[in-house]
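Open the model in your viewer and keep the sequence panel beside it. We will go stop by stop, selecting as we go.

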Amino acid sequence: MASKVITLPVDDPSAALALFQEWLGKNKILFIVLRDTAIAKNTVRKADSMAGDIDHPLWVLHAPNEDDVMDILKTIPDPKKLIINWEKPLAIALSMDGNICDMIPRGEAEPTYARIARALVNAGINE
Amino acid sequence: MKKQLLLVILLGCLHNLFGQYVAIKEIDQSGNIRILNKLREPIDVNSQLSIQINRNVLLNDVGQKISSNGDPKINALLEILRTYKGLIEKMKSSIDQYQEVFKRNSTLEQQKDAVRTVSKDALAILNIFPEDSESGKRLEQAFKENELKSRRKDVFEVILSFLIAEMHTQEGRLHELLKESGFYFQLAAWISTDQGTKPVHLEGFDTLTQGEFYSYERNRLYLSPAQLEEFKQLNAFFETLDRSNAFNRFSELLLDHLSKVIDIDSIQIRINDLREEIKDMESTAISQKDMLIKRLDTLVEKIKLLDQTLKNLKQKYFVADGIASAGSKLEVLYEFEQDLIGLKNQLEEIGKITKTIITPDDIKKLGEAAKNVEKSLELLTSDVTESLKRLEERSVKAYKMAIYGREINTAALEVSKKVYKLTLDKIPESTMLDLNFTGKREPGDLIVIRAMLWKGDGKSPIQTETHSFPMMNALAHLHMSVAYAFAKPVAKGKNFEGGPLVSILYKFKSHNLAYRNFLDIGIGLHSAAYDFNNDDTPEFAGGVITSVFKDYLQFGWGFNFNAKQGYWFTGLRIPIQSTPVSLVSTANQ
């Protein structure tokens with residue numbers, strides 16, 4: 001099955017930014033995973049396993065260098081005020097309207113499948 | 001308010017038709033399939049019956065019976081399953097819509113709506129299974145296994161599949177509890193014929209031996225011995241008749257037959273004798289004697305009324321104009337049943353009166369002589385009762401059988417020891433009953449199928465569902481008939497000529513018992529022997545024919561090949577004493 005992960009380039013910040021902005025404008029449910037740690041990579045893998053077919057709106061976006069896109073990240077609407085400090089999030093879930101609907105904080109443990117599923121579902125509800 | 005707890009099985013289970021334990025279809029010899037919705041419905045004599053067991057209805061009943069006893073474990077399980085079912089139905093529907101929206105060209109708003117709906121349903125399910133619970137761990141495992149598959153499901157499909165699996169698990173637990181509570185199921189069948197009632201084999205539900213193969217001969221292209229005898233009788237009857245008097249003779253014959261069922265003459269003779277006996281009685285209780293005679297006179301009036309009713313019936317049903325001019329034949333026949341019931345009521349009233357003519361007080365006052373009168377009254381009562389019995393047995397029951405098929409006391413049918421008692425998890429989904437393996441049978445015989453739910457060692461089932469199927473020759477078929485025909489040559493000035501007639505008739509397909517047993521229209525060809533030129537030499541004739549009233553009335557057109565003349569005709573089968581009568585059986589006379 002085709003992967004539904006978009007990995008931002010690490011060696012070209014402007015390309016990374018451009019790609020990121022392009023995907024923000026596509027009206028998809030985006031599960032954005034930040035940094036390049038082992039936990040982050042596993043989280044990307046788990047989210048990709050439940051993203052579904054190519055024509056479905058669930059996509060995973062991996063930003064290994066979060067600094068390349070931090071300026072844009074900070075402008076994303078956060079109606080629930082889930083993010084106070086951008087050091088905290090491991091992953092955020094954006095609705096099709098581009099709102100932050102869930103945030104998985106960085107921690108010692110890798111997020112479970114169920115936690116990732118809940119984040120995707122919250123993004124789908126967009127409330 | 002008592003909670004109504006519903007038990008749910010799998011999605012895609014058999015559709016619950018009408019809340020019955022079994023859903024039955026008839027597959028006839030031409031391959032047509034009829035769904036049999038009613039608990040009593042006619043079927044063709046050579047059909048197969050496909051029987052599906054509605055397990056969800058069965059378990060629903062069991063669940064309700066258990067919940068009404070207040071078993072907390074089972075109550076809790078039923079509640080869980082009810083919740084799961086509701087969530088599964090919603091989720092399935094919203095996933096279908098979500099997938100549909102992204103397959104076709106839909107607007108962004110439509111896509112957002114579909115995503116919102118399916119996400120809400122998914123969240124409702126996720127909230128049931130906390131991550132740190134056993135079921136939460138099973139959910140986690142389900143996601144993990146999904147990742148390893150080549151064809152992976154999306155998050156919504158995984159959640160739905162998981163919930164369905166959980167429901168299976170809970171169902172399994174429920175089956176175990178139900179097994180412990182001792183519910184079981186039986187499905188049994190019987191066939192009722194003139195030879196009696198016997199059980200028949202249902203695959204998967206008993207160890208009875210399958211019956212011999214017997215296929216009812218639907219198309220009868222020969223005259224049976226009874227028909228040949230009838231032919232002879234008809235010929236003899238009409239040849240000796242003054243034809244101008246034919247219909248009077250015919251109706252006298254029927255009235256004579258009905259009179260034998262109700263012996264008016266015998267009853268009247270007894271009453272006259274009784275009257276004389278009372279008058280001649282030696283007693284000083286004159287006023288008592290007068291009272292008896294008065295009561296007897298009341299009875300005489302009732303008998304006269306009965307006699308008049310019989311004569312009115314003759315007027316109404318048995319003169320030629322009455323039959324021919326009736327608008328709807330079935331209405332005539334249903335009215336006939338009501339008239340017979342009226343006749344029965346009159347007889348019952350007469351029976352009651354006979355019992356009250358002489359009282360214990362009368363015997364006290366009139367002395368010993370009254371005891372003889374009492375004995376004579378008993379004989380009179382007995383005559384009336386016998387007439388009633390004969391009328392009921394031959395007329396009303398035979399009539400009911402013709403309209404409704406054979407009636408038996410289905411509640412009294414005994415379940416063979418060879419019928420399995422199945423626990424609820426062992427019930428087969430379906431079975432088949434091929435009537436061709438139920439042995440010798442005739443139209444009018446009956447198939448009974450009964451589903452029973454038992455608990456423990458109970459003496460009788462806690463729930464029973466009985467289906468009865470009167471058998472009939474329902475499909476279109478050919479058969480031969482005999483009649484005596486009155487032919488009117490088309491040439492002017494010619495009178496009616498009588499002669500015997502044989503026909504081969506096409507009977508239309510019908511699953512209506514009343515139609516088949518009373519109306520039964522036929523069309524076909526006939527051949528007959530007439531003597532148009534009155535030279536005592538039979539002439540060969542043939543043509544087309546239509547029959548109604550089960551061939552008792554026939555009419556058509558033909559051509560006399562010897563006399564070279566066409567003719568119209570009316571033919572009759574007459575219910576002569578020795579021949580079978582469709583409405584009233586003379587078998588026991």
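**Stop 1: strands in chain B**

Select strand β11 of chain B, residues 477-489, together with β12(B); the two pair in the antiparallel sense over 11 bridges. Bear in mind that this is a predicted model. Now pick Val482(B): opposite Val482(B), in β12(B), stands Val502(B).

Stay on β12(B), which spans residues 497-507. Is this strand mostly covered or mostly open? It is mostly covered, with eight of its 11 residues buried.

To see one of the pairs, select Leu505(B) and its bridge partner in β13(B), Gly524(B).

**Stop 2: where chain B touches chain A**

Show both chains. The contact takes 26 residues from chain B and 22 residues from chain A. Which elements of chain B give two or more residues to this side? Select α3 (108-126), α4 (134-148) and α5 (155-181) of chain B. Of these, α3(B) gives the most, with 11 residues. Color the chain B side by residue class: 11 are nonpolar, five polar and 10 charged.

**Stop 3: chain A**

Chain A has four helices and five strands. Trace them along the sequence, and the pattern reads β-α-β-α-β-α-β-β-α. Color by burial next: of the 127 residues of chain A, 41% count as buried. Finally, turn to contacts in chain A between residues at least 6 apart in sequence: 61% of them join residues at least 24 apart.

Methods:
Residues numbered from 1 in each chain as written. Chains lettered and ligands numbered in written order. Predicted model: local features only at pLDDT ≥ 70, side-chain atom pairs only at ≥ 80, totals over all residues. Buried ≥ 20, exposed ≤ 12 C-beta atoms within 10 Å, placed from the backbone. Pairing = 2+ DSSP bridges. Contact = placed C-beta atoms within 7 Å. Nonpolar A, V, L, I, M, F, W, Y, C, P; charged D, E, K, R; others polar.
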